[in-house]
Amino acid sequence: MTSATPAVRPRFEDKLRAIVGEAGLVTAGDEREPYEIDWLRKWRGRGSVVVRPGTTEEVAQVMRLCNEARIPVVPQGGNTGMSGGATPDDSGAQVILSTTRLRAVREVDPLNNTITVEAGVPLARVQEEADGVNRFFPLSLGSEGSCTIGGNLATNAGGIAVLKYGNTRDLALGLEVVLPDGRIWRGLRGLRKDNTGYDLRDLFIGSEGTLGIITAAVLKLFPKPAARATAWVGCAGLEQLVRLLARVRDACGDRLVAFEMLTGPSLRLILDQVADVRNPLEGPHAYHALIEVADTRDEGLAALLERSLAQAVGDGLIDDAAIASSLSHRLSFWKIREGISQAQVRAGKAVKHDIALPVSVLPRFVEAAETAVRGVMPHAHIVNFGHLGDGNLHFNVLLPKNASAGKVAEANALLNRVVHDLVVENGGSISAEHGIGQLRRDELRHYKSAVEFDLMMTLKQAIDRNQIMNPGKLI
Ligand code: FAD
Ligand code: MLT
Ligand code: ZN
């Protein structure tokens with residue numbers, strides 16, 4: 001890697017300025033800082049400069065310049081990622097390319113059920129635009145006010161409606177991408193069928209800024225749900241929740257949108273750390289679920305869910321349930337669920353595991369993982385929650401707030417090995433929705449087969465010949 005020496009940096013900055021103008025460049029140290037620290041405040045780096053192109057053509061010119069000068073580029077959207085993928089290293093040599101000025105909604109086509117947006121458009125804006133034409137964009141994350149569509153695509157984000165609508169990958173039809181050498185791949189096709197060779201779109205989705213800059217996307221829109229019913233459930237064990245999931249699915253079919261899980265200790269943490277939330281049920285429960293069903297027609301949806309849950313209580317499968325009686329009641333349930341990220345940041349330093357397993361395997365996995373974690377850390381504060389309907393758990397361990405960087409790194413290595421070994425033994429994935437970034441790069445190398453890793457490396461070398469795209473991340 002060639003670093004920008006102080007002697008050449010001003011000239012390089014001038015060249016960038018000539019492309020993006022004064023408004024597109026952030027050079028002062030204190031103004032760069034928000035781009036150099038991640039949302040979790042876990043990673044801090046130092047970029048040489050932050051460049052904010054306003055058009056795809058400007059992105060292409062910036063990439064051409066960086067490629068010729070062999071200057072590494074760190075793509076960044078809303079900077080809400082959970083794996084350190086958007087934070088530069090501390091060399092002061094990497095250019096942060098922020099997409100936050102790529103904000104245009106290029107087209108909304110309700111007849112084709114598509115929306116075409118630029119990468120820096122916040123997720124919440126896409127939801128609003130869809131709503132404006134009586135359509136629905138289903139991707140939904142706790143960070144939706146800040147995260148961008150480009151970041152969602154680059155991480156293949158999941159969230160709370162994957163059960164019905166799939167991951168971001170399932171919601172994208174076409175992409176526009178600037179390659180590391182500055183060429184533009186114009187793949188903005190709004191097609192549901194296109195078998196013209198290798199799927200380049202799926203190659204860039206989930207590539208975490210290591211293959212190119214996603215500058216725009218065509219996304220799928222769906223019919224807008226007219227009715228929703230939301231419930232909060234308490235029960236004694238995970239086995240019961242998994243069986244409840246199957247029952248609710250049988251009863252509600254694909255009207256089931258979300259089935260989120262919080263353990264008793266995870267709920268406790270939220271109640272302690274987040275203002276204006278309260279337990280929806282009387283008394284403590286070992287496990288909780290937030291269940292939501294939705295439909296384009298309201299044909300007794302709430303009654304259907306209520307019947308299903310009443311039967312589950314009657315059969316002794318669950319202990320208690322509350323159905324939201326109003327919009328504000330429903331939002332109060334979601335406020336609890338979405339409070340978990342902030343609650344962890346406030347309470348300590350989390351060793352995070354973002355894992356996926358077959359849903360049927362989860363109860364015995366969790367039992368084994370809790371035993372294994374306590375085997376190496378007897379008083380571990382396990383914070384287990386996640387998207388149970390997708391088999392995706394955030395099986396985290398919370399360390400004290402004053403834990404030193406060394407202690408956190410030590411605990412991370414120890415607990416990752418214990419938990420990830422069990423995940424892989426049980427046919428699971430060590431990265432369900434947050435991506436690899438810098439957090440799990442060593443873990444990826446540890447667990448990927450030689451064939452898979454070699455194929456990934458071959459693609460990386462073919463597309464990013466000078467290795468300038470987000471070095472130190474993913475691969
Ligand atoms: P950034 O953080 O800026 O970047 C993430 C990665 O994508 C980096 O590797 C970066 O280099 C790359 N990148 C960004 N933009 C581009 C681009 N245009 N082209 C190429 N590469 C790019 N994630 C989930 O999956 N599910 C959740 O439920 C969820 N909940 C969250 C709740 C909270 C409160 C927070 C803070 C985060 C949550 N996240 C969740 C994580 C995060 O919001 C997602 O990963 C999101 O997709 C990141 O988008 P971003 O725009 O912030 O990307
Ligand atoms: C969630 O499910 O709430 C998110 O993935 C965020 C997190 O893990 O903190
Ligand atoms: Zn999640």
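A cavity is defined here, on a 1 Å grid over the protein atoms alone, as a set of points where a 1.4 Å probe fits but cannot get out, and lining residues are those with an atom within 4 Å of a point. Grid points are joined across faces, edges and corners, and a volume is the space filled by probe spheres set on the points. The model is predicted, with pLDDT of at least 70 needed for local features and 80 or more for side-chain atom pairs, whereas totals for chains, interfaces and linings use all residues. Residues are numbered from 1 along each chain as its sequence is written, chains are lettered from A and ligands numbered from 1 in the order in which they are written, and side-chain values use heavy atoms, with hydrogens and water left out.

By these criteria the structure contains one cavity of 30 Å³ or more, and the volume of the largest cavity is about 30 Å³. Its lining is made up of Ile160, Ala161, Val162, Leu163, Val257, Phe259, Glu260, His387, Gly389 and Asp390. Helix H6 (162–165) and strand E13 (256–263) are the elements that contribute two or more residues to this lining; helices (H or I, at least four residues) and strands (E, at least two) are DSSP runs numbered from the N terminus. E13 supplies the largest share, three residues. By class, the lining of the largest cavity comprises six nonpolar, two polar and two charged residues, where Ala, Val, Leu, Ile, Met, Phe, Trp, Tyr, Cys and Pro count as nonpolar, Asp, Glu, Lys and Arg as charged, and the others, Gly among them, as polar.

His387, part of the lining of the largest cavity, also belongs to the shell around ligand 2. Polar contacts (pairs of N or O atoms within 3.5 Å) to oxygen atoms of ligand 2 are made by side-chain atoms of Ser341 at 2.9 Å, of Glu433 at 3.0 Å and of His394 at 3.1 Å. Of the 270 Å² of accessible area that ligand 2 has on its own, the protein covers 86%, areas being computed by the Shrake-Rupley method with a 1.4 Å probe. Two or more residues of the shell come from each of helix H13 (340–347) and strand E18 (381–387), and H13 gives the most, with three. The shell around ligand 2 has three nonpolar, five polar and three charged residues. Ligand 2 lies between domain 3 (226–347) and domain 4 (348–435), because both give residues to its shell; the domain bounds come from an automatic or database domain assignment.

Around ligand 1 there are 36 residues, of which Pro75, Gly77, Thr80, Ser143 and Thr148 come nearest. Oxygen atoms of ligand 1 lie 2.7 Å from a polar backbone atom of Gly77, 3.2 Å from a polar side-chain atom of Asn470 and 3.4 Å from a polar backbone atom of Gly151. Taken alone, ligand 1 exposes 980 Å², and the protein buries 96% of that. Strand E3 (73–76), helix H5 (149–155) and strand E10 (213–220) each give two or more residues to the shell around ligand 1, and the largest share, five residues, comes from H5. This shell consists of 11 nonpolar, 23 polar and two charged residues.

Lys42, Trp43, Val408, Asn412 and Leu439 are the closest to its centre among the 34 lining residues. H13, strand E16 (348–351), helix H15 (405–425) and helix H16 (441–447) each supply at least two lining residues, and H15 gives the most, with six.

Methods:
Near = heavy atom within 4 Å. Polar contact = N/O pair within 3.5 Å; in protein donor to acceptor, adjacent residues only side chain to side chain. 1 Å grid on protein atoms, 1.4 Å probe; cavity = no way out; pocket = protein on both sides within 12 Å on 5 of 7 lines; lining within 4 Å.
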